[in-house]
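Q: I'm new to this one, so please pick a single part and take me through it slowly. After that, show me what surrounds it.

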Amino acid sequence: SLRFLDMARYGQSQEQVVSDPVSFEHCIEFRNVWFKFPGSDEYLFENLSFRIEAGEHIGIIGATGSGKSTLLDLIIGFCEPSAGEIWIDDIRLSGGNRGSWWKRVSHLQQHVYLFDTTVLDNVALGADASGLHGAKLDYCLNISCVNDFIPSLQAGLSTVVGERGNFLSGGQAQRVGLARALYKDHDLLLLDEATSALDSETEKKVVSNLNSGRAQRTVITVSHRPAALIFCDKVYRVNGKKLVIA
C-alpha cells in the first residue's frame, strides 16, 4: 500500500537519529498509553496497558470511529502516545527506531494500492521478479488464495492488473496485497479490514491458511466480520477509550 511505501521513506529520513535497532522475539507492550490527536482536547485512549505475545493472533473489533485503526497506527509508530510508552521486547518505540521497527511490519489495509504492471511484479514490489518462481512465492500465493484465480487470468501471473488494479475485482486485489505482505516475510502482519471484499468462503479459506502458518508471524486483525477472527487467540473490543476482552 502507499502507507507501506511512506513507512520506508519515513524510516530513511530517520536514519540520522542514533538508537538501538528493534527486534521482535517476545512481545509488544503498551504501558499506560494515553493518546489524543494534536489540537484535540479529548483523549481517544486512556491508560492502555496490555501485551501481545510474539506468535499470537489478535482480533480487534469496535464501533466505527472508536479508534481501531488508530490503535494499529500506535503499534506501527505512525502515531506517538500523548503519554505512556510502547515497548517492543526490551526496546521503547521512539522516533529514532521506527525505521528499524517498520522493517519488521507489514500493514495491509482495506484498499490495496496496486501498480499498473503484472500480478507477479505487484507481489514482488521491488524485488527481481525473474527470481521469484520458487517455493516461497508458491507459499504466499497459496496462503493468500491468489492461485485460486490465476488460471482465470489471460496471462496468469504475467497479467497486467491496470492502474490501481482496476482490471481485478476488489477481492482479487486484496489477495494480491496479502501475497505481497506475506512475501516480505515480516514478523508482524497487521490486517485492517483486509479481507472485507472477499466472499465468505474465500475469507474462511484465507483466514484458515494464515492460521496454519501462525508460528511464523504475529497477526493483528481489525475486522467487523466474525469469520476473519475465528482463529484469534484473543479478541479485544475498543470501547469507551479502553481496550477490553470481547
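A: Two strands count as paired if DSSP finds at least two bridges between them. Strands here are DSSP runs (E, at least two residues), helices are runs too (H or I, at least four), and both are numbered from the N terminus. Before we dig in: this is a predicted model, in which local features need pLDDT of at least 70 and side-chain atom pairs count only at pLDDT 80 or more, while totals for chains, interfaces and linings use all residues. Residues are numbered from 1 along each chain as its sequence is written, and side-chain values use heavy atoms, with hydrogens and water left out.

Let's take the open sheet. Its 4 strands line up as β2-β1-β4-β5, with antiparallel pairing. At the edges stand β2 (45-53) and β5 (91-92); each has a single partner strand, so one side of each has no neighbour in the sheet. Strand β1 (residues 27-35) is joined to β2 by 6 bridges, in the antiparallel sense. Look for Val-33: its bridge partner is Leu-48 in β2.

Leu-48 also turns up around Phe-30. Contact means heavy atoms within 4.5 Å. Leaving out residues up to four places away in sequence, Phe-30 touches Leu-48, Ser-49, Phe-50, Leu-71, Leu-74, Ile-75, Glu-85 and Ile-86. Cys-27 has 5% relative accessibility, so it counts as buried (under 20% relative accessible area; exposed is over 50%, partly exposed in between; 1.4 Å probe, protein chains only).

Now for what lies inside. A nonpolar core is a set of buried Ala, Val, Leu, Ile, Met, Phe, Trp, Tyr and Cys residues joined through side-chain atoms within 4.5 Å. The largest one has 33 residues, and Ile-28, Phe-30, Trp-101, Leu-188 and Ile-220 have the most contacts inside it. Helix α2 (residues 68-76) gives the largest share of this core, 5 residues. Apart from this core lies another, of 32 residues, including Leu-114, Leu-137, Phe-149 and Ala-194.

Just past α2 comes Gly-77, with a positive phi of about 110°.

Leu-188 takes us over to strand β7 (residues 188-192), which is mostly covered, with 5 of its 5 residues buried. From β7, Leu-188, Leu-190 and Asp-192 point one way, while Leu-189 and Leu-191 point the other way. β7 runs parallel to strand β6 (residues 105-109), joined by 5 bridges, and there Ser-106 stands opposite Leu-189. Another 5 bridges join β7 to strand β8 (residues 218-222), again in parallel, where Asp-192 stands opposite Val-222.

Finally, step back to the whole protein chain. It comes to 7 helices and 10 strands, and 52% of its 246 residues count as buried. Among its contacts with a separation of 6 or more, 74% link residues 24 or more positions apart.
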